[in-house]
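Please walk through this protein with me, from its overall fold down to single residues. Keep the sequence and the structure side by side as you read.

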Amino acid sequence: MWIGANAARVSANAAEFHKSNSRYRSARISALVTSLFGLCVCISGPYLLRLIYGAEYGEAAGALQILVLEAIISGTVYILAQAFMALAKPGTVTVLQGIGLALSIPLMLWLIPKMGVVGAAIALLLSTIARFLFIYFGFPVFLRLQPPRLFPSHEDLKSVWNIVQPVTPDRGQ
């Protein structure tokens, strides 16, 4: 009896979760904002590495740029994984994340001897891309939901603008 009631509750929650676009919107907006800041880090990072740490650290610029991309994707994975938690699938998301993280070990063993620090960064990036793909394609497989759109819409950008727009008397605040 309890299992049937619980399954019905999870199914109803899944439908309600999918209707609520704000959860998906947060993933899109977070990725957009993180990407903008990441772009700034990628542009200024090589210069700042040399300025702060010296010329010998300039070689780390490539790894820095790869790790910035990894951080952006990882943040999106974290937000998308919340859907699994909200819909009572924490074990599923743990296994998907674990498999993706486990991929980093053989990738590092393979890429570090060939490419050094950049190889380690690429191994982490590939592992994070795998985690993203597992979570994204896990929506229809495990949650029976259509995967969320990944790129911000005009409506998403409008909602961000309304948040960052300065408070003015004509806005009634």
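The model is predicted. The protein holds 6 helices and 0 strands. Along the sequence, the pattern reads α-α-α-α-α-α. The protein has 173 residues, and buried ones make up 32% of them.

Now the packing. Two packed helices are described by the angle between their axes and the distance between the axes. Take helix H3 and helix H5 to begin with. H3 spans residues 61-86, and H5 spans residues 117-143. Their axes come within 9 Å and cross at roughly 20°. Angles under 35 degrees count as roughly parallel, so H3 is roughly parallel to H5. The crossing of these two helices, H3 and H5, is left-handed. Which classes of residue make up the contact of H3 with H5? The contact has 22 nonpolar residues, along with 4 polar and 2 charged ones.

H5 also packs with helix H4, which covers residues 90-115. Here the angle is about 155°, and the axes of H4 and H5 are 7 Å apart. Angles over 145 degrees count as roughly antiparallel, so H4 is roughly antiparallel to H5. The H4 and H5 crossing is right-handed. By class, the contact of H4 with H5 has 21 nonpolar, 6 polar and 1 charged residues.

Thr-128 lies in helix H5. Is Thr-128 buried or exposed? Buried means under 20% relative accessible area. Thr-128 has 2% relative accessibility, so it counts as buried. The side chain of Thr-128 also has a polar partner: it makes a polar contact with the side chain of Glu-70, at 2.7 Å.

Leu-96 sits in helix H4. Its relative accessibility is 9%, so Leu-96 counts as buried too. How far apart are Leu-96 and Leu-133 in sequence and in space? They are 37 residues apart in sequence. From C-alpha to C-alpha, Leu-96 and Leu-133 are 9.5 Å apart.

Turn now to the loops. Ala-88 is in the loop between H3 and H4. Its phi is positive, about 60°, although Ala-88 is not a glycine. With 45% relative accessibility, Ala-88 counts as partly exposed. Arg-144 belongs to another loop, between H5 and helix H6 (154-164). Arg-144 is likewise a residue other than glycine with a positive phi, near 60°. What is the accessibility class of Arg-144? Its relative accessibility is 67%, so Arg-144 counts as exposed.

Last come the cysteines. A disulfide is a covalent bond between the sulfur atoms of two cysteines. How many disulfides does the structure hold? The number is 0.

How values were computed:
Residues numbered from 1 in each chain as written. Predicted model: local features only at pLDDT ≥ 70, side-chain atom pairs only at ≥ 80, totals over all residues. Heavy atoms only, no water. Disulfide = S-S within 2.5 Å. Axes fitted to C-alpha atoms, helices over the stretch in contact; angles between N-to-C directions. Helix = DSSP H or I, 4+ residues; strand = E, 2+ residues; numbered from the N terminus. Parallel < 35°, antiparallel > 145°, perpendicular 65-115°, else oblique. Left-handed = near helix turned anticlockwise from the far one by under 90°. Nonpolar A, V, L, I, M, F, W, Y, C, P; charged D, E, K, R; others polar. Buried < 20%, exposed > 50% of the residue type's maximum accessible area, 1.4 Å probe, protein only. Polar contact = N/O pair within 3.5 Å; in protein donor to acceptor, adjacent residues only side chain to side chain.
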